[in-house]
Amino acid sequence: MARKPNYDFERRERERLKKQKNEERARAKVAPAADDDVASDAADQPPGEEG
């Protein structure tokens, strides 16, 4: 006998996975930009001097 489909659960699970994937993409997009800013600030100063 086939199981009764649980459409609400399946829809919520798809939405949860989609939200999780979008959050990971957003974090990945922000993280490299933050790393670049730190590296460029260090490159602007002469060696031996701190900001």
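**View 1. E13 and its salt bridge with R16 in helix α1**.
E13 is partly exposed, with a relative accessible area of 26%, where buried means under 20% relative accessible area, exposed over 50%, and partly exposed in between, using a 1.4 Å probe and protein chains only. This is a predicted model, in which local features need pLDDT of at least 70 and side-chain atom pairs count only at pLDDT 80 or more, while totals for chains, interfaces and linings use all residues. Residues are numbered from 1 along each chain as its sequence is written, and side-chain values use heavy atoms, with hydrogens and water left out. The partner of E13 in a salt bridge is R16, and the closest N and O atoms of this pair are 2.5 Å apart; a salt bridge here is a side-chain nitrogen of Lys or Arg within 4 Å of a carboxyl oxygen of Asp or Glu. Both residues belong to helix α1, three residues apart, about one turn of the helix, and R16 counts as partly exposed at 44% relative accessibility.

**View 2. The salt bridge of R11 with E15, and the network that includes D8**.
R11 and E15 form a salt bridge in which the closest N and O atoms are 3.7 Å apart. The two lie four residues apart, about one turn of the helix, within helix α1, which covers residues 7-44. R11 is partly exposed, with a relative accessible area of 36%, and E15 is also partly exposed, at 44%. Together with D8, these two residues are linked in a network of salt bridges.

**View 3. The salt bridge between R3 and E10**.
In this pair the closest N and O atoms are 3.4 Å apart. R3 is exposed, with a relative accessible area of 61%, whereas E10 counts as partly exposed at 28% relative accessibility.

**View 4. The protein chain around these close-ups.**
Of the 51 residues in the chain, buried residues make up 0%. The accessible surface of the chain comes to about 5200 Å², and 53% of this surface belongs to carbon and sulfur atoms; accessible areas come from the Shrake-Rupley method with a 1.4 Å probe, and for residues only the protein chains shown count as cover. A search of the whole structure finds four salt bridges.
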